Amino acid sequence: MRIANKLKIAGTALAVLLPFSTSALAQEPAIGELTIAFAIEATTMDPTKYAAGADMYFIGQMFEQLMAPGPDLKTRNWLAESWKIGKEDGHSVLDIHIRRGVKFHNGDPLTSADFEFSYNRLKNPEISSWSHLQKSVDRFEIIDDHNFKLHFSKPDASYIAGFLQLWAVPKKYFNKVGEDGFAQNPVGTGPWKFVSRKIKDELKLEAFDGYWNKEHRPGVKNLTIKIIPDDVTRVAAFRTGEVDWIDAVPPAMIADVKALPGVETASTGSGNNLFITFPEHLPKSPFADERVRKAVAHAVDVDAIVKSVLFGQGKRYAEIGEGAVGYDPELKPYKYDPEKARKLLAEAGYPNGLDTPCYNLTTPREPNMKEMGEAMFAYMSAVGIRCRVQGLEYSAWLQLGKRGNDSKLDGPTSWMWGHGVPGDPGIPWGGHLHTYVPGEGWGSYSYASNPEIDAMIEESKSIMDPEKRAAKLREIARIKHEHAYGGVTTYQPLITFAWNKKKVSYKPWPGSYGRSLQELGLKK
Amino acid sequence: MLEFVLRRILHSAVSIVGVSIVIFTISRMSGDPLLLLLPMDAPSEVIAAKRIQLGLDRPYVIQYFTFAKNALLGDFGFSYRWNVPALQLVLERLPATIELACAAMVFSLSVAIPFGVFSAVHRGSWFDRFGKVFAMLGQAMPNFWIGLIAIMVFAVGLKWLPAFGRGTLAHLVLPAIALGWYPVAAMTRIIRSGMLDVLDAEYIRMGRAVGAPEWILIWKYAFRNAAIPLVTVLGVYFAASLGGAFVVETVFAWPGLGRTVVEAVFSRDFPVVQAGVLVIAFLFVVTNMIVDISYGLIDPRIRHDR
């Protein structure tokens with residue numbers, strides 16, 4: 001669920017984004033001050049320690065990777081000027097040439113040694129929560145200041161999917177100030193310099209005049225990000241003019257906010273994919289039968305729920321969201337057809353329907369999640385899949401759902417897993433579609449088991465050629481969809497930003513973790 | 001008196017130890033923090049390494065004694081979530097919560113005292129009835145709702161006050177009202193009933209008989225006696241608001257302790273939960289101890305009876 005969030009958070013819904021154009025303001029010297037507000041905040045300012053998707057909204061303003069998604073959702077070279085995949089002694093090698101002239105906020109030039117330092121931190125499980133993603137890298141070889149190689153013990157497509165994984169972390173500065181010093185005053189190559197931070201209160205940033213990407217230098221000199229967790233208060237602060245840009249306008253208030261004079265809004269995907277999952281692994285469960293799972297797929301009118309419960313702030317998808325790797329426009333979501341659902345139930349041996357526990361995630365990890373789950377379970381009950389709904393708080397949901405515990409969830413469960421943006425289902429599917437393999441990380445939250453799909457997922461992980469990998473993911477998606485394996489996909493939430501257009505110019509960009517704050521400018 | 005104080009300190013220490021055991025146990029029963037700290041597909045060796053790093057692999061009793069020993073030295077460990085010392089995180093937020101709790105108490109008292117006194121003096125009048133209704137509203141309405149309505153009216157509508165945050169006196173007004181309205185009803189009732197008892201007392205009647213001005217009788221003689229029970233509830237409400245300000249802190253984005261601790265509970269950040277709860281418990285116990293000792297000072301019977 002969160003894995004792709006941590007790799008790359010941005011939006012999946014290009015269709016709803018405003019057209020991107022290079023910000024004219026961003027090319028002029030940064031001026032003035034701006035206060036904006038977020039609902040959530042980063043737990044760390046160190047990119048090698050990131051834990052939650054929200055960390056990236058903030059870390060991504062100060063730090064950068066070798067690659068990044070562009071405003072068109074296509075991944076492009078960023079700190080890497082070029083790279084290629086080759087073979088040495090029969091093993092895959094990533095040969096990377098980094099951009100010249102890039103400087104850290106303290107003036108140090110970016111070199112290969114900084115990426116080696118980052119790699120060493122990322123592979124250390126005492127520092128990074130993602131050390132397992134470096135497992136397939138055998139060694140890091142510095143060629144010179146601007147060239148290095150990553151030698152793989154086995155091919156690893158997650159490296160490509162994760163923007164070549166590594167972050168630019170200033171080795172010299174870090175060694176000088178130490179772990180605590182870096183946490184207090186982080187230094188990266190990104191468009192914003194760190195100024196100060198008060199946890200649960202605010203983060204202050206300053207435009208980095210020496211930012212290498214002149215087309216995307218911030219238009220605002222001093223940026224204050226206030227943390228306002230309550231939805232109504234955040235919108236109220238926007239209405240009073242205390243803040244001029246807000247993240248995550250609550251769905252129920254979007255129409256009101258849009259109606260305010262001088263306000264502009266834009267929506268982007270949250271990076272999370274939602275679905276209803278089933279205890280397919282329990283042989284006695286009705287949901288082990290494909291027909292019952294498909295009955296659920298036909299029973300729920302997702303479009304109607306998105307419209308009425310989510311105020312339109314969601315986008316239907318079938319296995320892979322639009323714009324994501326392996327997206328197949330021909331693969332359509334199951335149609336709402338309650339008659340067909342009842343027929344499938346009868347064929348499966350349940351002409352009078354069935355009673356089942358249903359588990360609903362009540363922690364609002366995405367807007368109105370609880371209500372969306374309740375509505376979906378109500379639709380299921382209407383065709384005879386009578387839910388006894390039990391709400392679960394996030395930690396309990398994780399605890400009960402984890403395989404090996406072994407999962408206590410013996411009924412349909414509202415579930416989510418981040419595919420990120422541009423979405424990539426390969427890694428998430430390893431967690432919630434591949435058969436559970438104790439200790440390996442495969443299928444840690446999977447209740448499906450299909451050897452054919454397992455082999456394909458494992459194969460996709462070793463295909464480092466983007467085109468070939470996309471084709472393999474498309475193939476998996478079709479089989480998954482046809483048999484409703486690993487859950488029935490429902491919708492991708494949308495996040496809406498609002499800003500005061502009389503004062504602020506802003507070009508939303510689904511890359512940059514969906515919060516392209518360097519594209520903020522002040523109108524004169 | 002010294003024995004009385006020492007006895008109170010001993011009782012307080014026992015309470016703190018009890019709280020530490022309860023919070024340590026309950027937090028560990030609530031779930032595994034590693035599920036929240038690590039990616040969902042983390043392999044078992046990564047999970048095991050993290051468990052060892054955080055000391056969560058050791059027997060529960062050993063974990064508790066290690067925690068207790070370090071806590072006595074002021075070391076509550078590092079926050080799992082924020083990577084900073086847990087006690088530092090808690091203490092940095094404590095002033096904001098104390099500030100809010102004090103402001104809320106000032107609001108409560110500034111409403112409850114005049115309402116309680118005037119309601120007693122003008123028993124059955126429209127003012128008495130209005131006071132009751134006003135005070136009861138504070139108990140009937142959830143404080144988050146009061147907060148949101150106050151924001152919509154005074155920040156968005158009238159633009160008199162800021163909608164969120166901490167900084168100036170103006171920032172304090174709305175959160176203080178949202179937090180401080182609830183105890184107004186109880187305080188008003190205590191003052192009113194105390195005043196009614198005292199106003200019928202012989203020394204007040206005597207004062208009237210000798211022609212003492214009514215306002216002196218009410219405020220100097222009657223109120224001072226009627227207010228003694230208020231000290232008790234004041235201490236309790238103040239201490240409770242330190243830990244109970246969570247909702248108001250969230251609504252007003254107030255960077256306080258309550259919000260920090262409750263969020264730490266949901267993220268299974270044991271060091272912050274333990275540090276936060278123990279700091280709040282310590283303040284609660286100390287406040288009550290001060291109230292007890294002040295009673296002992298005021299009334300010698302109390303210190304001899306216990």
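**Terms and values in a two-chain predicted model**

Mentor: Pro213(B) sits in the loop that links helix H10 (202-209) to helix H11 (214-226) of chain B, where helices (H or I, at least four residues) and strands (E, at least two) are DSSP runs numbered from the N terminus. This is a predicted model, in which local features need pLDDT of at least 70 and side-chain atom pairs count only at pLDDT 80 or more, while totals for chains, interfaces and linings use all residues. Residues are numbered from 1 along each chain as its sequence is written, and chains are lettered from A and ligands numbered from 1 in the order in which they are written.

Trainee: Why is Pro213(B) called exposed?

Mentor: A residue is buried if 20 or more other C-beta atoms, placed from the backbone, lie within 10 Å of its own, exposed if 12 or fewer, and partly exposed in between. Pro213(B) has 11 other C-beta atoms within 10 Å, and is therefore exposed.

Trainee: Which residues of H14(B) are buried?

Mentor: By that count, Leu257(B), Gly258(B), Arg259(B), Thr260(B), Val261(B) and Ala264(B) are the buried residues of H14(B), and the helix is followed by Arg268(B), whose phi is positive, near 55°.

Trainee: What makes H15(A) and H16(A) roughly antiparallel?

Mentor: Helix H15 (residues 451-461) and helix H16 (residues 466-483) of chain A pack at an angle of about 160°, with their axes 10 Å apart. Angles under 35 degrees count as roughly parallel, over 145 as roughly antiparallel, 65 to 115 as roughly perpendicular and the rest as oblique, so H15(A) and H16(A) are roughly antiparallel to each other.

Trainee: Which residues of H15(A) and H16(A) meet?

Mentor: Two residues are in contact if their C-beta atoms, placed from the backbone, lie within 7 Å. On this basis the residues that meet include Ile453(A), Met456(A) and Ile457(A) in H15(A), and Leu473(A), Ile476(A) and Ile479(A) in H16(A).

Trainee: How do you know that the radius of gyration of chain A agrees with a compact globule?

Mentor: The radius is taken over C-alpha atoms, and the globule rule is 2.2 Å times the number of residues to the power 0.38. With 524 residues, the rule gives a value near 24 Å, and chain A has 23 Å, which agrees. Buried residues make up 58% of the 524 residues in chain A, a chain that has 16 helices and 21 strands.

Trainee: How many residues of chain B are in contact with chain A?

Mentor: The contacts join 39 residues of chain B to 43 residues of chain A.

Note on methods: Axes fitted to C-alpha atoms, helices over the stretch in contact; angles between N-to-C directions.
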